[in-house]
Amino acid sequence: MIVAKNVSKSFEGFKALKDVSLNVEKGSVYGLVGSNGAGKTTLLKLLSGIYKQDNGEIYINDSEVYENIDIKSDIIFMPDTLYFFAQYTIKEMAKFYKRIYKNWNEERFKKLEEVFNIKTNKRISSLSKGMQRQVAFWLSLSTMPKIMILDEPVDGLDPVMRKKVKNLIIQDVAEREMTVFISSHNLRELEDICDHIAILHKGNMIIQKDLDDLKSDVHKIQVAFDEIPQDILDNTDVLYKEERGSVALLIVRGKKETIISNFEKYEPKILDVLPLTLEEIFIYEMGGIGYEIENIIV
Ligand SMILES: Nc1ncnc2c1ncn2[C@@H]1O[C@H](COP(=O)(O)OP(=O)(O)OP(=O)(O)O)[C@@H](O)[C@H]1O
């Protein structure tokens, strides 16, 4: 489990992270979205114990992570810019990982060769960017990490490989309760893998949500009345309203059944509940609390 309490970090007087708190349960996949310079990499490096926070506390499985070698051998941090020793082949890099990570699993490493299908005698620096990313996943997953902290992890991977890598991660989450923390610019990229989503904006954590709650709580409703009764609007938590003639499009918060039965009382001519994308949910949620968030997540 990853816990951060009121964490702040400055660089040369500039506050890159301000009072950030979060809780990531064991076996959960937590997605962090934010625009350029929001503080995502800084937060990831703090959680991995690469940086030390100026204020606040960070715990992984109840222990402080900074300068804690024991905890660090259970963590994989995959940076957005990968680094490998210049002359090393995959096989040599695997040997290096084996020395550092106490749970290195040779059998898994061999098995994953079939998935990634790259010869282990290849020099890593001779591989394409996407292939190097594959090698990073191959090595990382072979360490059997308890926690994976990934910075823009699927950048450079083709769609088929993205899917394969996501499946491998999900498999480890399901089979051995690995915890995953992923940052991305792209909410859509995270939607199918994460169970929690957070948005970081200018160093502030502005929203953290359980995805299932989020999806079951907000609905898009298309409804037609001769005139939309004011009573409904007063008794419904409307996040957004758009009227075109007698048809209204409403984004409403609440339980679907309750919303439908409320509207049906007024006998609308049309009543449709339409699916919302995660992006739409965030835009409306954030709109409701006054943030201009569109640019961050589209
Ligand atoms: N080592 C550093 N020295 C000085 N400033 C830094 C350092 N690392 C980060 N910053 C600053 O902190 C802010 C947050 O940077 P960070 O890399 O965490 O953002 P990010 O959300 O990961 O951005 P991106 O999506 O562009 O990678 C930026 O303004 C950046 O310039």
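1. Helix α3 (residues 90-100) and helix α5 (residues 129-142) have axes that come within 10 Å and cross at roughly 30°. Here axes are lines fitted to C-alpha atoms, for helices over the stretch in contact, and angles run from 0 to 180 degrees between N-to-C directions. Helices (H or I, at least four residues) and strands (E, at least two) are DSSP runs, numbered from the N terminus. The contact is formed by Ile90, Met93, Ala94 and Tyr97 of α3 with Val135, Leu139 and Ser142 of α5; two residues are in contact if their C-beta atoms, placed from the backbone, lie within 7 Å. These contact residues of α3 and α5 comprise 6 nonpolar, 1 polar and no charged. Ala, Val, Leu, Ile, Met, Phe, Trp, Tyr, Cys and Pro count as nonpolar, Asp, Glu, Lys and Arg as charged, and the others, Gly among them, as polar.

2. The model is predicted: local features need pLDDT of at least 70, side-chain atom pairs count only at pLDDT 80 or more, and totals for chains, interfaces and linings use all residues. Residues are numbered from 1 along each chain as its sequence is written.

3. The protein chain contains 12 helices and 14 strands, and its C-alpha atoms fill a box of roughly 75 × 45 × 30 Å along the principal axes. Of its 298 residues, 34% are buried, that is, with 20 or more other C-beta atoms within 10 Å of their own; exposed means 12 or fewer, and partly exposed lies in between, with C-beta atoms placed from the backbone.

4. Helix α1 is largely enclosed by the rest of the structure, because 6 of its 8 residues are buried. The buried residues are Lys40, Thr42, Leu43, Leu44, Leu46 and Leu47. Glycine 49, with a positive phi near 80°, follows α1.

5. Histidine 185 lies in the loop between β8 (179-184) and α7 (187-191). This histidine 185 is partly exposed because 16 other C-beta atoms lie within 10 Å. The C-alpha atoms of histidine 185 and glycine 34 are separated by 5.7 Å, although the two are 151 residues apart along the chain.
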